[in-house]
Amino acid sequence: QHLFETDLVDGEAPEIKSTGPVSEKAQKAAEVLKRIVSGMGYQPEVAVHEKEERVHLDLRGDDMGRLIGKEGNTLNSLQHLVTAIVSRKFNSRVLIRVDANDYRDRREQSLRRMARDAAQMAQHQNRPVELEPMPATERRVIHEEISLISDVHTYSTGEFKDRRIIV
């Protein structure tokens, strides 16, 4: 292991809140996240729980906007980094979801509303509606929501950061 990873993975465990018993991987993921955000100058509460073989890490505190970042980019980067470190530590892929002050749940609700609005617009105007470019995880939410509406379908177009959905 690199010295940086050792500092993040080993050592005295920071305080972590859990809603019940969690696996060693989940506990380690929470500790790594806490160390990273502490190193960034934040002192949020980190809560951990496991659901459907995924470790859920929830950051709670003031000024979480900077940890969320524009369009959740910082949060996505933190999730990627913690996943990589913990997966390497345990020599197996560990599925981790990092959230801050329920940002991901609020964003999902917003995406579902956007999907329904776009479907309604497409039906009323009888023409395709193009949505803004978004990451694959967000496009998946749109596709799922539209699949519940009859007579409307979606497809993705574009590449990389310009990939978007047409309703």
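Predicted model: local features only at pLDDT ≥ 70, side-chain atom pairs only at ≥ 80, totals over all residues.
The buried residues of helix α4 are L75, L78, V82, T83, I85, V86, S87 and F90, where buried means under 20% relative accessible area, exposed over 50%, and partly exposed in between, with a 1.4 Å probe and protein chains only. Residues are numbered from 1 along each chain as its sequence is written, and side-chain values use heavy atoms, with hydrogens and water left out.

**The whole chain**

The chain holds six helices and six strands. Helices (H or I, at least four residues) and strands (E, at least two) are DSSP runs, numbered from the N terminus. Read from the N terminus on, the elements follow the order α-β-α-β-β-α-α-β-α-α-β-β. Of the 167 residues in the chain, 41% are buried. Contact means heavy atoms within 4.5 Å. Among contacts between residues at least 6 apart in sequence, 58% join residues at least 24 apart.

Helix α4 covers residues 73-90, which makes 18 residues. After α4 comes N91, whose phi is positive, near 55 degrees.

Two packed helices are described by the angle between their axes and the distance between the axes. Helix α2 (residues 24-39) packs with α4 at an angle of about 135 degrees, and their axes are 10 Å apart. Axes are lines fitted to C-alpha atoms, for helices over the stretch in contact, and angles run from 0 to 180 degrees between N-to-C directions. The angle makes α2 oblique to α4: under 35 degrees counts as roughly parallel, over 145 as roughly antiparallel, 65 to 115 as roughly perpendicular and the rest as oblique.

On the α2 side, E24, K25, K28, A29, V32, L33, I36 and V37 take part, meeting L78, L81, V82, I85, V86, K89 and F90 in α4. The residues of this contact divide into eleven nonpolar, no polar and four charged. Here Ala, Val, Leu, Ile, Met, Phe, Trp, Tyr, Cys and Pro count as nonpolar, Asp, Glu, Lys and Arg as charged, and the others, Gly among them, as polar.

**Two buried residues**

R97 sits in strand β4 (residues 96-100) and counts as buried because its relative accessibility is 18%. Leaving aside neighbours within four places in sequence, R97 contacts R54, V55, H56, L57, Q79, R104 and D105.

V129 belongs to the loop between α5 (103-125) and α6 (136-147) and is buried at 9% relative accessible area. Not counting residues up to four places away in sequence, V129 touches A118, M121, A122, I165, I166 and V167. V129 and I165 are 36 residues apart in sequence, yet 8.4 Å apart in space, C-alpha to C-alpha.

Most residues other than glycine have a negative phi.

| Residue and phi | Loop | Relative accessibility |
|---|---|---|
| E53, phi about 65 degrees | between β2 (45-51) and β3 (54-60) | E53, 78%, exposed |

Note on methods. Expected span 1.5 Å × (residues − 1).
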